[in-house]
Amino acid sequence: MAKKSSASNAYSREFLEKIFRTAHKIRVFETEGIKLYRQGLIRGYFHPYLGQEGIATGVCAALSEGDYIASTHRGHGHCIAWGADVKKMVAELLQKDTGYCKGYGGSMHIADISVGNLGANGIVGAGTPLGVGAALANQIRGSDAVTVTFSTDGATNNGTFLESLNLAAIWNLNYVLVVENNQYAVSTPIEESTREPDLYKRGLGIGVESHQVDGNDPLAVYEIMRQAVETCRKGKGPVLIEAKTFRHMGHHVNDPGKYMPEDRLTYYKQRDPVDRARKALKDMSDISDGEIDAIEAEIAAEFEAAVEFSKNSGEVSIEEFRAFAADY
């Protein structure tokens, strides 16, 4: 199927502001989070979502309360787009007891089952069968809830990818598999791991409605996701969406990304999803530059307050952790 571009129909100022707020909040979270990591306040890995903000923003904007998402190791953006509390997210990154998982999960394992966030996952591709399981559970309950799994280009070569998607297809599940194709599995370019780099075509081979979209255009992602959700709620799922994008840096915070061609990186930075969200808000509404500045200042203050909250929070005691571990 041909690539989709953002729709030309008018959006409300409220919606455009929501899109910009979400994308910019993700950008601030990741940028400032890297600084916290450099200060030694975050232990373990940190996989920035920089450059991919348009995907989580557009996808989650098309979902409703009662739907579900399953995330990846690069999952901060998914959580924020789903409406997560930044204070509890920062606290989790800093291994504090006020975090979403009391500090047990850290950067790669934030989850909040109470609102349908099935969580991030450190195993590449592992979220796909989990998402299909949730979609099956909803079907059995008689719910029209839609489940979305965010996956990666690298995960498409795992056996769970087609096995899970095929099960979703034969059971007609309300399931959307979003492949965030940032074109590198760690440092391996997509062209070296598959003969067919257009990953959406894998869904076509098993009879799944499949699309490719510009992942750096939040409104284009929203439009194709809105259609996918509508398809699923009609009982005609699942749907596969490949969102083409590019990281702004290496695989994780300590990866310099020298293997990424400068010309391709420049190309995608010129199509920065946060800049495009800002431009759409400015071009399609009556908002002023001063009002946009105020939104950015508000988000910066929110993150600063989250850091202060987290630094002042406690950590789970060794005794409490041992008791927790004993249960498992």
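Strand 3 and strand 7 (residues 239-244) pair in the parallel sense over six bridges. Strands pair if DSSP finds at least two bridges between them. Helices (H or I, at least four residues) and strands (E, at least two) are DSSP runs, numbered from the N terminus. V179 has E242 as its bridge partner in strand 7.

This is a predicted model: local features need pLDDT of at least 70, side-chain atom pairs count only at pLDDT 80 or more, and totals for chains, interfaces and linings use all residues. Residues are numbered from 1 along each chain as its sequence is written, and side-chain values use heavy atoms, with hydrogens and water left out.

Strand 2 (residues 147-152) also runs parallel to strand 3, joined by six bridges. Here F150 has V178 as its bridge partner in strand 3.

How enclosed is strand 3 (residues 175-181)? Seven of its seven residues are buried, so the rest of the structure largely encloses it. Buried means under 20% relative accessible area, exposed over 50%, partly exposed in between (1.4 Å probe, protein chains only). Both faces are covered: Y175, L177, V179 and N181 are buried on one side, V176, V178 and E180 on the other.

Now the nonpolar packing. A nonpolar core is a set of buried Ala, Val, Leu, Ile, Met, Phe, Trp, Tyr and Cys residues joined through side-chain atoms within 4.5 Å. The largest has 67 residues, and V59, L63, V90, V148, V176 and M225 have the most contacts inside it. Helix 1 gives this core its largest share, 11 residues. Another core of 14 residues lies apart from it, with F161, A168, V179 and I190 among them.

Finally, the rings. The whole structure holds 10 aromatic pairs. Rings of Phe, Tyr and Trp (its six-membered ring) pair if their centres lie within 6.5 Å; planes under 30 degrees apart count as stacked, over 60 as edge-to-face and the rest as tilted. Y11 and Y222 have centres 6.3 Å apart and planes at 70°, so the pair is edge-to-face. Y11 lies in the segment before helix 1 (13-38) and Y222 in helix 8 (residues 218-233), so the pair ties together parts 211 residues apart in sequence. Y11 counts as buried at 10% relative accessibility, and Y222 is buried at 14%.
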